[in-house]
Amino acid sequence: MVVVQVKDLEQSLEIYKLDVGSFPTSEQGLDALVRKPAGVAGWNGPYLKSDVPLDPWNREYIYKYPGERVEVDISSYGQDGSPGGEGEDSDVGNWN
């Protein structure tokens with residue numbers, strides 16, 4: 001489920017970038033996909049059908065732009081909510 005949600009968020013971010021000219025900043029976050037950030041020209045959203053989804057453990061996805069691993073990082077710390085871990089506790093991101 002995480003992988004599907006992250007892919008959906010990536011696709012929505014790409015459409016946002018086409019309209020606005022860049023990805024939302026880390027400060028604007030994924031919320032920029034559903035609510036127009038102040039001072040942003042070209043926004044033609046919302047880019048999601050509903051609010052930004054929570055990860056399967058009911059936590060917000062971690063969003064960073066510029067990313068540390070790829071151009072835009074979207075990730076979840078997994079079941080334990082802490083960096084690292086194995087199995088259900090392992091981090092999942094759009095670079096996996």
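Modeller: What follows covers aromatic pairs, then salt bridges. This is a predicted model, so local features need pLDDT of at least 70 and side-chain atom pairs count only at pLDDT 80 or more, while totals for chains, interfaces and linings use all residues. Residues are numbered from 1 along each chain as its sequence is written, and side-chain values use heavy atoms, with hydrogens and water left out.

Biologist: How many aromatic pairs are there by your rule?

Modeller: The count is three, where rings of Phe, Tyr and Trp (its six-membered ring) pair if their centres lie within 6.5 Å, with planes under 30 degrees apart called stacked, over 60 edge-to-face and the rest tilted. One of them joins Phe23 and Tyr65, an edge-to-face pair with 5.4 Å between the centres and 65 degrees between the planes.

Biologist: And where do Phe23 and Tyr65 sit in the chain?

Modeller: They are 42 residues apart and link distant parts of the chain, Phe23 being in the loop between helix H1 (2-20) and strand S1 (62-64), and Tyr65 in the loop between S1 and strand S2 (73-76). Helices (H or I, at least four residues) and strands (E, at least two) are DSSP runs, numbered from the N terminus.

Biologist: Is Phe23 buried or exposed?

Modeller: Phe23 is buried at 4% relative accessibility, whereas Tyr65 is partly exposed at 26%; buried means under 20% relative accessible area, exposed over 50%, and partly exposed in between, using a 1.4 Å probe and protein chains only.

Biologist: What about Trp43 and Tyr47?

Modeller: Their ring centres are 5.6 Å apart and the planes stand at 90 degrees, so this pair is edge-to-face.

Biologist: Switching to charges, how many salt bridges turn up in the whole structure?

Modeller: The search finds five, each being a side-chain nitrogen of Lys or Arg within 4 Å of a carboxyl oxygen of Asp or Glu. Asp31, Arg35 and Asp51 are linked in a network, in which the closest N and O atoms of Asp31 and Arg35 are 3.1 Å apart, and Arg35 meets Asp51 at 3.6 Å, N to O. Arg35 and Asp51 both lie in the loop between H1 and S1, so their bridge ties together parts 16 residues apart in sequence.

Biologist: Which residue does Lys64 bridge to?

Modeller: Lys64 pairs with Glu68, with the closest N and O atoms 3.3 Å apart; Lys64 is partly exposed at 30%, while Glu68 is exposed at 63% relative accessibility.
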